Amino acid sequence: MNLCRRLACVITAFALSGCYVSKVPLITPSTADYPLMREAHFDSFVPQGKGWRPQAGRRIERLGAYYVYATDGEEKKSPPFLLKRVARRSNFYVAQMNDRSDQKKVSEYYYELVRFDGVTAVQYQGTCGPRPEWTSRGLIDKVENTASPRCLFSDFQKLATVLQEAAKSEAPEAKFVLRK
């Protein structure tokens, strides 16, 4: 299987409430990476104890400059999203999703980190309790203390740094395995 199809594992269980947020897109269609060339299908899992509990599968496809996904058995598609590789030859991608299906009405963008080995992808959302070292290093523009803290960003590289550092100490949010 080619790498593009395997990356289908990568992009799915986005939660539309975000901890890592920007008011403007940090990934645009012109700066995004497009590793998926056609529709792909994968099985999904969430953590359960020391193992993984199966969830409904998902299919992902590209619509114009964006990707969307749908859960098996449902027609409703996710809001559009984009991917950008963290660094050249890295197996980490930042996924950017927004709060609207209509790109002209978007008010916020949400971010997650995904690591994949070519067959299995692991998604990290992370909690945003802003670490003192992130603020002292100037990685976070602002912290909003709502029901749960939200870290606001205006720079992709700073966001990618925080997401990678958070993933080192956070449990994964989900796992996706390419369906054969």
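This is a predicted model: local features need pLDDT of at least 70, side-chain atom pairs count only at pLDDT 80 or more; totals for chains, interfaces and linings use all residues.
A search of the whole structure finds 5 aromatic pairs. A pair of aromatic rings is described by the distance of the centres and the angle of the planes. For the pair formed by Y20 and F153, the centres are 6.2 Å apart and the planes stand at 45 degrees to each other, an arrangement that is classed as tilted. This pair links distant parts of the chain, in that Y20 belongs to strand β1 (residues 20-22), whereas F153 lies in the loop between β10 (149-152) and α3 (156-169), with 133 residues separating the two. Both Y20 and F153 are buried. Elsewhere in the search, ring pairs join Y34, Y67, Y69 and F81 into a cluster.

Charged side chains are also placed over aromatic rings. One member of the cluster, Y34, has R62 lying over its face, at 3.9 Å from the ring centre. A further case involves F45, over whose ring the charged end of K175 sits, at 5.4 Å from the centre.

With regard to the backbone, R89 adopts a positive phi of about 65 degrees, although this residue is not a glycine. The position of R89 is in the loop between β5 (81-85) and β6 (92-98). Because its relative accessibility is 81%, and the cut-off for this class is over 50%, R89 counts as exposed. R89 is thus an exposed loop residue, in contrast to Y20 and F153, which are both buried.

Technical notes. Residues are numbered from 1 along each chain as its sequence is written. Side-chain values use heavy atoms; hydrogens and water are left out. Helices (H or I, at least four residues) and strands (E, at least two) are DSSP runs, numbered from the N terminus. Buried means under 20% relative accessible area, exposed over 50%, partly exposed in between (1.4 Å probe, protein chains only). Rings of Phe, Tyr and Trp (its six-membered ring) pair if their centres lie within 6.5 Å; planes under 30 degrees apart count as stacked, over 60 as edge-to-face and the rest as tilted. A charge sits over a ring if NZ of Lys or CZ of Arg is within 6 Å of the ring centre and within 35 degrees of the ring normal.
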